[in-house]
Amino acid sequence: MIQLTKLNGTEFTLNSDLIETIYENPDTTIRLTNGPIYIVKETRDEITQKTIKYHQEIFKNLITTGMRNPNNEENNILE
């Protein structure tokens with residue numbers, strides 16, 4: 001999830017996994033896979049960086065928790 005700002009200044013959180021396309025014409029327009037379109041203040045590059053950072057945090061947390069199963073045994077997914 002990433003924080004973005006609509007042109008009217010309203011901040012909102014967007015599920016970046018649903019982004020299909022981002023255009024700059026000149027306003028940044030985001031089209032989601034499920035249909036909605038958002039026009040935001042952030043640039044395409046800023047949105048891309050926010051999305052990358054979000055995914056890095058997810059994977060960092062996944063790795064630092066050790067990917068253990070409920071029985072606290074090692075999970076061999078990363079091996």
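Guide: A helix here is a DSSP run of H or I with at least four residues, and helices are numbered from the N terminus. With that in mind, this is a predicted model, and Thr 51 lies in its helix 1, which covers residues 44-64.

Visitor: Okay, and is Thr 51 buried or exposed?
Guide: Thr 51 counts as buried, because its relative accessibility is 15% and the cut-off for buried is under 20%. Leaving out residues up to four places away in sequence, Thr 51 touches Ile 2, Ser 16 and Ile 19.

Visitor: Which strands make up the open sheet, and in what order?
Guide: The open sheet has three strands in the order 3-4-5, with antiparallel pairing. Its edge strands are strand 3 (19-24) and strand 5 (37-40), each of which pairs on one side only, and the twist averages 20 degrees from one strand to the next. Helix 1 packs on this sheet, where it touches strand 3, strand 4 and strand 5, and its direction makes about 150 degrees with that of strand 3.

Visitor: How many bridges join strand 3 and strand 4?
Guide: Strand 3 and strand 4 pair over five bridges in the antiparallel sense, and one of the residues involved is Thr 21, whose bridge partner in strand 4 is Arg 31. The two strands form a hairpin with three residues between them.

Visitor: What joins Asn 25 and Pro 26?
Guide: A cis peptide bond joins them, with omega at about -20 degrees, and Pro 26 sits in the loop between strand 3 and strand 4. As background, most peptide bonds are trans.

Visitor: And the other hairpin, what's in the turn between strand 4 and strand 5?
Guide: That hairpin has four residues between its strands, and Gly 35 in the turn has a positive phi of about 115 degrees. Strand 4 and strand 5 pair in the antiparallel sense over four bridges; Thr 29 stands opposite Ile 39 in strand 5, while Ile 30 has Tyr 38 as its bridge partner there.

Visitor: Where is Thr 33, then?
Guide: Thr 33 is in the loop between strand 4 and strand 5, and it counts as partly exposed because its relative accessibility is 49%. Apart from neighbours within four places in sequence, Thr 33 is in contact with Leu 18, Ile 19 and Glu 20, and its C-alpha atom is separated by 8.9 Å from that of Asp 17, 16 residues apart along the chain.

Visitor: Why is strand 4 called largely enclosed?
Guide: Four of the five residues of strand 4 are buried, so the rest of the structure largely encloses this strand. Ile 30 has contacts that include Leu 4, Leu 14, Ile 22, Val 40 and Ile 47, not counting residues up to four places away in sequence.

Visitor: Which residues form the largest nonpolar core?
Guide: The largest nonpolar core has nine residues, namely Ile 2, Leu 4, Phe 12, Leu 14, Ile 22, Ile 30, Leu 32, Val 40 and Ile 47. Strand 1 (2-5), strand 2 (11-14) and strand 4 (28-32) each supply at least two residues of this core.

Visitor: Last one, what share of the whole chain is buried?
Guide: Of the 79 residues of the protein chain, 20% count as buried, and the accessible surface comes to about 5,900 Å², with 50% of it belonging to carbon and sulfur atoms.

How values were computed. Residues numbered from 1 in each chain as written. Predicted model: local features only at pLDDT ≥ 70, side-chain atom pairs only at ≥ 80, totals over all residues. Heavy atoms only, no water. Buried < 20%, exposed > 50% of the residue type's maximum accessible area, 1.4 Å probe, protein only. Areas by Shrake-Rupley, 256 points an atom, 1.4 Å probe, with all protein chains shown as cover. Core = buried A, V, L, I, M, F, W, Y, C linked by side-chain atoms within 4.5 Å. Contact = heavy atoms within 4.5 Å. Pairing = 2+ DSSP bridges. Axes fitted to C-alpha atoms, helices over the stretch in contact; angles between N-to-C directions.
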